[in-house]
Amino acid sequence: MSVLEAAEFLHVSTPKSWVEQASNRQPLLLIDHANCERKAASSALSMIYRYEEQCDFAVQLSKIVREEMRHFEQVHALLKTLEIEYVYLSPSKYARALHSYAREHNPTKFDDLLIASIIEARSYERFELLEEVLEGRVAKLYGKLKESEHRHFLAYLHMALRLEEETVINARVQELLSHEVTLITSFDDQFRFHSGDPVGTTG
């Protein structure tokens, strides 16, 4: 696949209004981020069993599981340092909506890998934005974590390319990315790490 940079891979940038919300709601941002890391680890672990016939996938996915859990630990430690209570938060609709769309529109055997790749690319893009606008320990953490997100984005994409021809993968990922645009730019009244635009559709 020719496009291998997350910023170019995604069809749309995160709305500025989301970045402003993130700056003003850092406790909520960090708590949901911790939850996202935990869910990312769980997703990677489940794929180890889903792709048992692809033996080398297990090694790659195992590394991702460990990294995601390490990220969870780092965010959790930062929450404690900042005296922010780690409380229950309902998840955003983002990942669920991507999977629902895939199931309802000609599902393929590699959709979960492509969706994971999209989620990691979006996380990387937001980490870069947050590193620029936030300060102190929070900005430093996002600066440290962003490269892992980029590696995970590529790893999931390359695994999908092991299962199907590049033209097929590219067509499907473009379809999923087109739906992702709707999730990122449409009004979202629930602020989360992967939530949409808090003030309405952009552009």
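1. Basis. Residues are numbered from 1 along each chain as its sequence is written, and side-chain values use heavy atoms, with hydrogens and water left out. Because the model is predicted, local features need pLDDT of at least 70 and side-chain atom pairs count only at pLDDT 80 or more, while totals for chains, interfaces and linings use all residues.

2. Packing of H5 on H6. Helix H5 (residues 94–104) packs against helix H6 (residues 111–133) at an angle of about 150 degrees, their axes being 10 Å apart; helices here are DSSP runs (H or I, at least four residues), numbered from the N terminus, and axes are lines fitted to C-alpha atoms over the stretch in contact, with angles from 0 to 180 degrees between N-to-C directions. The two helices are therefore roughly antiparallel, a term for angles over 145 degrees.

3. Residues between H5 and H6. Tyr-94, Ala-95, Leu-98, His-99 and Ala-102 of H5 meet a set in H6 that includes Ile-115, Ile-118, Ile-119 and Arg-122, where contact means heavy atoms within 4.5 Å.

4. Packing of H6 on H8. H6 also packs with helix H8 (residues 166–185), at an angle of about 50 degrees and with the axes 10 Å apart, and the pair is therefore oblique. From H6, Asp-111, Leu-114, Ile-115, Ile-118, Arg-122 and Arg-126 take part, and among their partners in H8 are Ile-169, Val-173, Leu-176 and Glu-180. This contact has 8 nonpolar, no polar and 5 charged residues.

5. The largest pocket. A pocket is an open set of points on a 1 Å grid where a 1.4 Å probe fits, with protein on both sides within 12 Å along at least five of seven lines, and lining residues have an atom within 4 Å of a point. The largest pocket has a volume of about 510 Å³ and is lined by 27 residues, with Cys-36, Lys-39, Ala-40, Ala-95 and Ile-119 nearest its centre. Helices H3 (26–50), H5, H6 and H7 (136–161) each give two or more residues to this lining, and H3 provides the largest share, 9 residues. The lining divides into 12 nonpolar, 6 polar and 9 charged residues.

6. The second largest pocket. This pocket holds about 160 Å³ of space, and its lining includes Gln-74, Thr-81, Arg-137, Lys-140 and Lys-144. Helix H4 (55–81) and H7 are the elements that give two or more residues to the lining, whose residues are 3 nonpolar, 2 polar and 3 charged.

Key:
Parallel < 35°, antiparallel > 145°, perpendicular 65-115°, else oblique. Points joined across faces, edges and corners; volume = space filled by probe spheres on them. Nonpolar A, V, L, I, M, F, W, Y, C, P; charged D, E, K, R; others polar.
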